[in-house]
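I opened my notebook to look up a sheet and some ring contacts.

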Amino acid sequence: MPGRILAVGGFSLGSRFDDLVLDLAGGPRILFVPTAAGDPQRMEVAFYESFGRRAEPAHLSFNPWPPEELRKLVLAHDVVYVSGGSTANALAIWRVHGFDLILREAWEAGKLLCGWSAGMICWFEAGVTDSFGPALAGMRDGLGFLPGSACPHYDGEALRRPVYTTLVRDGFPPGIACEDAAAVLYEGAELVEVVAREPGARAYRVGPGGEEPLEARLV
């Protein structure tokens, strides 16, 4: 039975969503993957500040190359936590090193996968990203663990909502949008819950006919 995926709309390190990650995890070992980040060291500091005293944190770098026993390292952890940043860049690096296949194996083994922004988009078939330049664009090259498309920062960036709804209306795969303080939880490929770290934060189903707000549980 595949594991769970917690996909977060906006930056989540140090927030209540980290508490939720610990609640959902099958154990204390959390692997942080900041491949997408332009400044991974800053992200690593924030990660260790959040998890250093209450879990067994580690991070994975692909620069200048990944560790020799990459598969063994990943499967030894209970959670894989992916940062925001350039979704396209992260996916390209992961595929060169076979990390995409290892992630699928980890998910199918029941591990928790999570992340914000790029770490939300990457699990879906498609998403809205600024990976290719300052203008937002649709990308259909996600890992495909989850069906359809994803859009983070639905309330955090002025153009996310109109760009995503227009793309979907014009034939882009329908999917899920998350405001910065909202997240969606999947068991296998089934959406089971929307959670929020601030009152009123929401996620939405977005289809060709418009958007449908989804009720969220405050954590």
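Predicted model: local features only at pLDDT ≥ 70, side-chain atom pairs only at ≥ 80, totals over all residues.

Residues are numbered from 1 along each chain as its sequence is written, and side-chain values use heavy atoms, with hydrogens and water left out.

Sheet: I found six strands in an open, mixed sheet, ordered β7-β6-β8-β9-β12-β13. Strands are DSSP runs of E with at least two residues, helices runs of H or I with at least four, both numbered from the N terminus; two strands pair if DSSP finds at least two bridges between them. At the edges I see β7 (137-139) and β13 (210-214), each pairing on one side only. β12 (residues 203-207) runs antiparallel to β13, joined by five bridges.

Rings: I count a pair when Phe, Tyr or Trp rings (six-membered for Trp) have centres within 6.5 Å; planes under 30 degrees apart are stacked, over 60 edge-to-face, the rest tilted. That gives 15 aromatic pairs. F47 and Y81 are edge-to-face, 6.4 Å between centres and 75° between planes. F47 is in helix α2 and Y81 in strand β4 (residues 79-82), 34 residues apart.

Charges: I call a charge over a ring when NZ of Lys or CZ of Arg is within 6 Å of the ring centre and within 35 degrees of the ring normal. R54 has its charged end over F51, 5.4 Å from the ring centre. R161 does likewise over Y204, at 4.9 Å.
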